[in-house]
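Take a moment to look at the sequence and the structure before reading on.

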Amino acid sequence: MKLKLVTMAVAAVMAAAPVMADLVFPALSYRTGPYAANGIPFADGYADYFTLLNERDGGIGGEMTKLMECETGYSTEKGVECYEATKASSPLVYQPLSTGITYQLIPKMTADGIPMHSMGYGRTSAKNGEVFRNIFNYPANYWDGASGAVNHVLDVEGGDIKGKKITLVYHNSAYGKEPIRTLEELSKKHGFDLTLIPVDHPGQEQKSQWLQIRREKPDYVFMWGWGVMNSVAIQEAANIKFPMDHFIGIWWSGSENDVLPAGAGADGYKSLTFHGVGSDYPIYDDIQKYVVDAGKAAGAGNQIGTVLYNRGLYAAMLAAEAVKTAQGIHGTAAINAAQMRDGMEALEITEEKMAAAGFPNYGPAFKVSCQAHGGNGFVGVAQWDATAGKWNSISDYAQSDQEVIGALVAEDSAAYAAENNITPGCN
Amino acid sequence: MLYREAGDYKTSYSKDNQTFPIKFDRVAYYLLLVVAFCVVPFFINGYWANAVLVPFLIYVIAALGLNILIGYCGQLSLGTGGFMAVGAYSAYKLMTSFPDVSIIIHILIAGVITALVGMLFGLPSLRIKGFYLAVATLASQFFLIWLFNRVPWFYNYSASGTINAPERTVFGVNVTGPNVEAWAQYMFCLVFVVTCAWLVRNLTRGTLGRSWMAIRDMDIAAEIIGVNPLKAKLSAFGLSSFFIGIAGALLFTVYLGAVEGGEAFGISKSFLVLFMVIIGGLGSILGSFLGAAFMVLMPVLLKNILVGNMAWPTDVAAHFEFVIVGALIVAFLIFEPHGLAQLWRLAKEKLRLWPFPH
């Protein structure tokens with residue numbers, strides 16, 4: 001039995017040996033499991049953009065792109081398997097969309113010399129490119145998010161939040177714990193009281209947490225949630241009549257899936273964002289024309305225009321721009337992972353580039369450098385309008401508190417460098 | 001014809017009692033060892049090590065451990081994930097506190113620590129059995145994960161709560177960390193698996209194993225003929241947890257490298273190992289190997305066939321994996337409730353008579 005299985009596996013793997021050439025982009029997606037509702041739109045957006053590039057432009061710089069999708073189910077073990085399975089086909093960049101898998105892959109990918117882009121998730125201190133040579137997290141990270149949320153509260157309260165009570169409701173995992181350090185520093189700086197309330201995976205049951213919130217009556221609630229935890233939390237907040245405009249989620253807690261179940265109760269809920277919302281961009285005409293009408297849309301094709309679909313598009317757009325930059329630096333269309341890394345490190349996103357790609361005013365302009373793999377940390381706020389059923393951007397992209405975050409990034413990356421015997425530097 | 005015992009005479013008790021009394025089995029066993037130790041390391045690559053063989057070997061150890069408890073001693077446990085977490089976190093604390101000590105010793109001590117924790121949670125087994133014990137061990141699962149998430153000391157106060165395995169070497173060769181070679185990972189786990197399997201086999205056919213089986217078959221009768229239930233049950237919990245702890249430590253250090261307690265060692269892990277034991281065959285060493293192979297290799301195999309060869313969408317393939325594996329589990333339990341090991345036993349019976357069955 002075992003022997004037979006092994007022989008069959010050998011046959012299967014041999015037959016599945018991938019064709020080389022093309023620009024290979026692995027997508028470690030999750031279309032199944034407890035986080036599928038959030039994983040599907042992102043995966044669709046990511047896939048559709050590369051389909052669009054192939055259909056409209058014939059790839060990037062004349063080189064066709066190839067997407068290799070691998071299902072992780074948000075499980076780190078499957079993530080490792082997917083990484084090993086796709087590694088052999090010379091991939092350019094990984095985007096696992098899971099903080100757990102990101103932590104898993106950081107050392108492996110550094111050793112293998114393949115770049116990773118954890119856009120708005122993953123290890124925040126990867127912003128320090130002198131230590132994390134292959135890891136990028138532009139345009140914004142969790143600590144920018146935490147600071148952005150506090151800045152928004154400062155704006156609303158007119159600059160003084162001394163003595164205010166802020167509660168953080170977080171997914172009890174590496175992901176949810178990320179902002180705590182920054183919020184603690186910021187609470188010292190601005191003098192607000194911080195309460196931490198963890199919610200265990202998957203977060204379907206939050207009665208006790210929201211009972212505590214009802215008892216303590218915080219002025220603001222921040223949320224670092226994912227999957228079903230988001231919609232449950234928003235429903236519970238509506239149930240205890242918590243003022244929704246004082247409830248601010250990170251960008252992973254701000255999709256349509258999260259607010260729709262609470263109906264009118266979710267009206268006014270706020271979420272941070274680092275890219276545009278809605279489908280009012282020229283890129284969507286091209287997607288309709290070249291991808292949807294051609295019957296090549298990924299998945300069921302019903303996610304177009306949602307927040308997370310937009311994020312998938314944005315992630316793919318940034319990857320494509322980095323490829324163009326790399327092609328320019330190295331003078332070759334068929335780049336490899338090391339050249340891709342150089343392209344990502346030299347990436348500069350300007351208004352003109354975004355407009356040319358069909359994304360005018362979509363995200364903040366930023367510039368990546370060896371010292372700053374995380375961009376400049378510009379964060380905006382969007383608000384949910386339940387009657388119109390859409391997200392509205394309510395603020396410009398504003399820079400986070402770089403003074404506090406810079407110190408924390410330096411401290412955490414130095415600890416990582418010491419642990420792993422890395423000599424920080426740009427070579 | 002080929003597979004027979006006729007003419008295979010034994011002239012001493014020790015020969016008669018050996019693990020593989022039939023010569024053909026013995027030869028196959030040694031051949032397998034030679035292939036595993038001397039051939040596979042030269043051909044293994046990163047994919048085969050990380051996606052197939054290393055997880056398989058590690059889960060074999062976990063299944064062996066749980067088989068002691070459920071298959072040999074009859075104590076139902078749902079706390080495997082929690083005990084694996086104890087192994088992983090102890091290995092992490094030891095590795096970071098005593099960086100100069102060999103990782104082999106750390107993993108063994110992690111096993112011992114898990115054994116102590118297992119015995120502690122095994123205490124209720126003296127009073128309760130069956131489903132009630134299962135629920136009590138389920139509580140240990142949740143308690144342990146909660147503890148590792150709650151107390152920052154266990155993850156060295158890192159901001160994210162994840163633990164990362166530092167780089168460690170055995171005889172100058174990396175076995176953990178990002179720069180590890182596939183063959184080194186594989187060999188390291190293989191040595192542990194072979195040692196553990198040899199230990200479990202010999203434990204289960206000695207006095208201790210017989211006292212476990214007596215307790216399993218009828219605890220009151222066992223007590224009357226002089227088996228001490230305290231000793232038998234606690235030793236089963238202790239030894240079972242020892243192996244599960246080693247499996248957890250290896251899973252963290254060699255295989256995953258970075259672990260979040262709740263994600264890697266959740267309740268689903270407990271069920272996974274339980275399925276391995278049940279599908280492989282309760283009270284069988286071979287069953288632990290077959291069960292682990294089934295649960296680890298089957299999804300990978302299905303994925304390669306469905307996505308790689310037949311180019312199905314990944315989500316449809318992932319759903320079908322669940323359907324197919326689930327259907328196979330149900331089918332096995334209906335047609336062969338004693339697991340894959342029993343299938344092998346029946347096949348052997350048939351082979352002995354082949355080609356002249358009566």
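In which sense do strand 8 of chain A and strand 9 of chain A pair? They pair in the parallel sense, over two bridges; strands count as paired if DSSP finds at least two bridges between them. Strand 8 covers residues 247–249, and Ile248(A) stands opposite Lys270(A) in strand 9.

A word on the model: it is predicted, with local features needing pLDDT of at least 70 and side-chain atom pairs counting only at pLDDT 80 or more, while totals for chains, interfaces and linings use all residues. Residues are numbered from 1 along each chain as its sequence is written, and chains are lettered from A and ligands numbered from 1 in the order in which they are written.

Now turn to another partner of strand 9. Strand 12 of chain A (residues 378–385) pairs with strand 9 in the antiparallel sense, over four bridges. Here Lys270(A) stands opposite Gln383(A).

Strand 9 itself (residues 270–273) is covered on both faces. Lys270(A) and Leu272(A) on one side are buried, as are Ser271(A) and Thr273(A) on the other. A residue is called buried if 20 or more other C-beta atoms, placed from the backbone, lie within 10 Å of its own.

Let's step back to the whole chain. Chain A has 15 helices and 14 strands, which are DSSP runs numbered from the N terminus (helices: H or I, at least four residues; strands: E, at least two). Of its 427 residues, 58% are buried. Along its principal axes, the C-alpha trace spans about 60 × 55 × 50 Å.

Methods:
Buried ≥ 20, exposed ≤ 12 C-beta atoms within 10 Å, placed from the backbone.
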